Amino acid sequence: MNILSILTVLLLEASNTSSVGAESWMYGGEKFYVVFVVILIIFFGIFTFLILLERKLSKIEHQIKER
Amino acid sequence: MLKILKATWWKFLSIPLLIYIVAFGLLQPIAPGISSIHQDKITIGEVNFISIETYNTHLEEAASSSQAWLKNGETFICGVFTEIKNNTAIIGFPIARKDYEKRFFDLIINNDIDGTFELRDALVPAENFGNNSFSDVDCKVEVNTNESAFFTFPNREILKESIRNLFFHVCMWFAMVFLLIFSLGSSVAYLNTGKKPWDTMAHLAVVTAMVFGALGILTGMVWAKFTWGAFWPNDPKLNGVLVAMLAYLAYLILRGSAKDESKKGRLAAVYNIFAFVLYIIFIYVIPKFSSSLHPGMGGNPAFSEYDLDSSLRIVFYPAVIAWTLLAFWLFSILLRIELINEDLEDQLI
């Protein structure tokens, strides 16, 4: 299927969205970009959670070292 | 319970499942469909040439077997392809002057490769009438429909490719609900046994569930914007989930505010049970009795009724399992860090 071509078009279109408005490209590709953005959001969410874990762990490491 | 949470086998199970659902869920094409039609008016009593653009079809390859017709109630009007180029076509329809059952005409196309696909309520008659008189031939006898030769996801109007969000957005909520059920169980176990790790488990399961709930809301907002037209349409399910999540936020605040250790645990556990009941009422019960944009609510066609067909199922069910396992994996790491933290604090005292 033409997912690969959609991804290349995505890169091209993302670079010249100025004339059409920032949102309208999301309607293109038969709304495939919506899925793309949704996956990005989930990635960012999971990485935020990992950073939260990282911080908690560093705090404990610090506490153990102090003793 | 802690032993299962520390075990690794189910965590590694989530990795191939996630790879499977992301790969399959993104690469599998959606069914052929008519993406645009260059006019929406037809003149009754004239030959109408309609120019269409299709998506994921093989019109040119399967030109010899292509059929097109307009459907209005029980009447079928056969069309003739006058031009086919790549995925676009021009079709001529001789539309006889007579009374039609319905106002709108459905456009249906069929060929050997793509099977049958349609655009419902595609065309509407114009005010004026043509002067050509055709004999009203009902060509229903010639109509032969067949299945697509490919395995595809359904191509629904408005949703289009974004139907793939079923494997991402919807699964966030499933992961959240499973974590909340786990939290509820932990709270009940805490009330029965009074052992502190159960309380910690219930608390952190809610924290993780809130993260997935937030992801569900954010992804849902993006999806809503490009299918329903607004980031936050006034929908009972959206407003309900906001209230339910605020109830859980209140749980987190309540648990943080109490001073006495055992009192805090019991208060939080009881409130957790209350919050879960509230959550179920606001997410499943109320939207069911009011009209909601979400599928399966208030008479809206559910995905499960006709569109959660086998092609979606074989990705959707693994997706629910995969995201739930990932959620529990993240939760178990958070829990173990917190348990070490509590051990340290106990040693200090």
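A salt bridge here is a side-chain nitrogen of Lys or Arg within 4 Å of a carboxyl oxygen of Asp or Glu. This is a predicted model, where local features need pLDDT of at least 70, side-chain atom pairs count only at pLDDT 80 or more, and totals for chains, interfaces and linings use all residues; side-chain values use heavy atoms, with hydrogens and water left out. Residues are numbered from 1 along each chain as its sequence is written, while chains are lettered from A and ligands numbered from 1 in the order in which they are written.

**Stop 1: a charged pair.** Select Glu30(A) and Lys160(B). Their side chains meet in a salt bridge, at 3.6 Å from N to O. Glu30(A) sits in helix H2 of chain A and Lys160(B) in the loop between strand E8 (115-129) and H3 of chain B, so this pair joins two chains. Helices (H or I, at least four residues) and strands (E, at least two) are DSSP runs, numbered from the N terminus.

**Stop 2: another bridge.** Select Lys56(A) and Glu338(B). They form a salt bridge, with the closest N and O atoms 2.8 Å apart. The rule finds two salt bridges across the interface of chain A and chain B. Over all chains, the structure holds six.

**Stop 3: the whole interface.** Select the residues in contact (heavy atoms within 4.5 Å). Chain A gives 30 residues and chain B gives 39. How much area is buried between chain A and chain B? About 3200 Å², with carbon and sulfur atoms giving 78%. Buried area is the accessible area (1.4 Å probe) that two parts lose on being put together, summed over both. Now pick out Glu30(A), Ile42(A) and Phe49(A). In chain A, these lose the most area to chain B, together 21% of what that side buries.

**Stop 4: H3 of chain B.** Select residues 169-193 of chain B. This helix, H3, has 25 residues and reaches 37 Å from its first C-alpha to its last. That is close to the 36 Å expected at 1.5 Å a residue, the expected span being 1.5 Å times one less than the number of residues. Step on to Gly194(B). Just after H3(B), Gly194(B) takes a positive phi of about 75°.

**Stop 5: confidence.** Colour chain A by pLDDT, the predictor's confidence in each residue, from 0 to 100. Chain A averages 76, and 66% of the residues score at least 70. Residues 15-20 of chain A are below 50, and this stretch has two contacts in the model beyond near neighbours in sequence.
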